Amino acid sequence: MINYSNLKQLIVSKTAKVGVIGLGYVGLPLAMEMVKSGFTVIGIDLDVRKIEKLNQGQSYIQDVPDEVIRSSMESGRFIPTADYAALEELHAISICVPTPLSENQDPDTSYITSVVSMIKKHMKKSMLITLESTTYPGTTEELIQWEFERAGLKVGEDFFLCFSPERVDPGNRSFNTYNTPKVIGGTTPKCAELGSLLYGNTVKTVVTVSSPKVAEMSKLLENTFRSVNIAFINEMAMMCDRMGINVWEVIKAAATKPFGYMPFAPGPGIGGHCIPLDPMYLSWKAKGFRFHSQFIELAQSINDNMPDYVISKTSQVLNIYAKSIRKSNILVLGMAYKADIDDLRESPGLHIYELFKERGARVDYFDPHAQSFLDKHGNTIQSIPYDLEKMQSYDCFVLVTGHKSFDYQAFADLGVAIVDTRNAFEGIDAPHIYQLGTSVKLPEEQEQDVLLLA
């Protein structure tokens, strides 16, 4: 029978069978790193389409090339399946399932509780369980430890439990699953030791903390920090717009200070799984302690309203050309939530698209990475093909995502009015390009500026 000592030896020798539950943006790269490090990995996901693709040697995650999937499959050390009965073979599992927010902005932990029920049904004794899904402090102990102990199992003896927050940044060419330091907290010293051993044999650096709560809180602190600072610079952008100051020039000037300042960039809103959601987990949990975080709520409000600011900005620009949003032909450039990826999760572009539609605009989008999405009515919206001649027929371009593959000069040369929310057209001096965070000048004002310069 497996016990702590046996499990430790299996992990050290890499003969432990490891499972990854949830083969998405977090789980699949983690599984590939575990295979690469020498473990045999069973990947579990209920989406049979994903399993079929993996069995065919195909990847559906941009950061995981097809050849990595193929080599993992050919090694015989990666077995994808939709059957939870595979848990019976495993010594350790990492849970990487989604943790969205409900319509009331409360954490939806249903995916975690569903996985826990399946683990209880199929688990081996002395299994190491690590939760990676981002959630509120206390989740690991409240939703997992409590459930197992209620069934008569003792943590640190009959099972081992840790939390290790995912730190995936899709499209990042410098940092990936392997070289991004991995924080881990165990519910007991033995749990922490086993968890640190497993991940220490998989990634470059492991940072062990005193408890799962600390590890859970560290993830929320990272992303709440970003949320608050993005909200601040978004508010500065709107302030500079009102005052007739170019916020991008201001940011560039401030960034020359070698200490005490960290540059953030404004934009059309926040996207991805982490920044729009994580702070709300923390705010929700804090309310249970009668603590109301004003920073989190204010930041969320500012960031949530940036798509409306983009609509207002576009209205001002169209007004210069004696047009309104209603019945105008608008092309959204970029729909992914960040540059050079295909990830549409919580993308502000989706909201901007719907806002334009609600105001009567005729809207299309172009994104070479994200080829389609479902609108709020469930209709599939396809990216238009790249055709500069046809693009010239639009009344306005709204740049939402600054993909490096875009030919910005070619777009500018079309002469179509452009609302640039990312400063992607920096360096292209043209009167029909209007940046977020700068005031919209009427033609006579632009002419006056030229006279003053002369």
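Predicted model: local features only at pLDDT ≥ 70, side-chain atom pairs only at ≥ 80, totals over all residues.
Residues are numbered from 1 along each chain as its sequence is written. Local features need pLDDT of at least 70 and side-chain atom pairs count only at pLDDT 80 or more, while totals for chains, interfaces and linings use all residues; side-chain values use heavy atoms, with hydrogens and water left out.

**Exercise 1. Which residues of helix α10 are buried, and what covers them?**

Solution. Start by locating the helix: α10 spans residues 278–287. Helices here are DSSP runs of H or I with at least four residues, strands are runs of E with at least two, and both are numbered from the N terminus. Next, apply the burial scale: buried means under 20% relative accessible area, exposed over 50%, and partly exposed in between, using a 1.4 Å probe and protein chains only. On that scale eight of the 10 residues of α10 are buried. They are Asp 278, Pro 279, Met 280, Tyr 281, Leu 282, Ser 283, Lys 285 and Ala 286. Finally, look for the cover, taking contact as heavy atoms within 4.5 Å. It includes α6 (139–150), α8 (212–243) and α11 (294–304).

**Exercise 2. How do α8 and α12 cross, and which residues make the contact?**

Solution. Take the axes first; these are lines fitted to C-alpha atoms, for helices over the stretch in contact, and angles run from 0 to 180 degrees between N-to-C directions. The axes of α8 and α12 (residues 306–320) come within 11 Å and cross at roughly 25°. The two helices are therefore roughly parallel, since angles under 35 degrees count as roughly parallel, over 145 as roughly antiparallel, 65 to 115 as roughly perpendicular and the rest as oblique. Now list the contact: α8 supplies Asn 234, Ala 237, Met 238 and Asp 241, and α12 supplies Met 306, Tyr 309 and Lys 313. Sorted by class, these are four nonpolar, one polar and two charged residues. For the classes, Ala, Val, Leu, Ile, Met, Phe, Trp, Tyr, Cys and Pro count as nonpolar, Asp, Glu, Lys and Arg as charged, and the others, Gly among them, as polar.

**Exercise 3. At what angle do α6 and α8 pack, and which residues meet?**

Solution. The angle is about 130°, with the axes 8 Å apart. That makes α6 oblique to α8. On the α6 side you will find Thr 139, Thr 140 and Glu 141, which meet Pro 212, Lys 213 and Glu 216 in α8. This contact divides into one nonpolar, two polar and three charged residues.

**Exercise 4. Where does Arg 290 lie, and is Arg 290 buried or exposed?**

Solution. Arg 290 sits in the loop between α10 and α11. Its relative accessibility is 78%, so Arg 290 counts as exposed. Check the backbone too: Arg 290 has a positive phi of about 60° although it is not a glycine.

**Exercise 5. Where is Thr 99 found, and what is Thr 99 in contact with?**

Solution. Go to the loop between β4 (92–95) and α5 (110–122) to find Thr 99. At 2% relative accessibility, Thr 99 counts as buried. Then set aside its neighbours within four places in sequence: Thr 99 is in contact with Asp 108, Ile 112, Ser 133, Thr 134, His 273, Leu 277 and Tyr 281.
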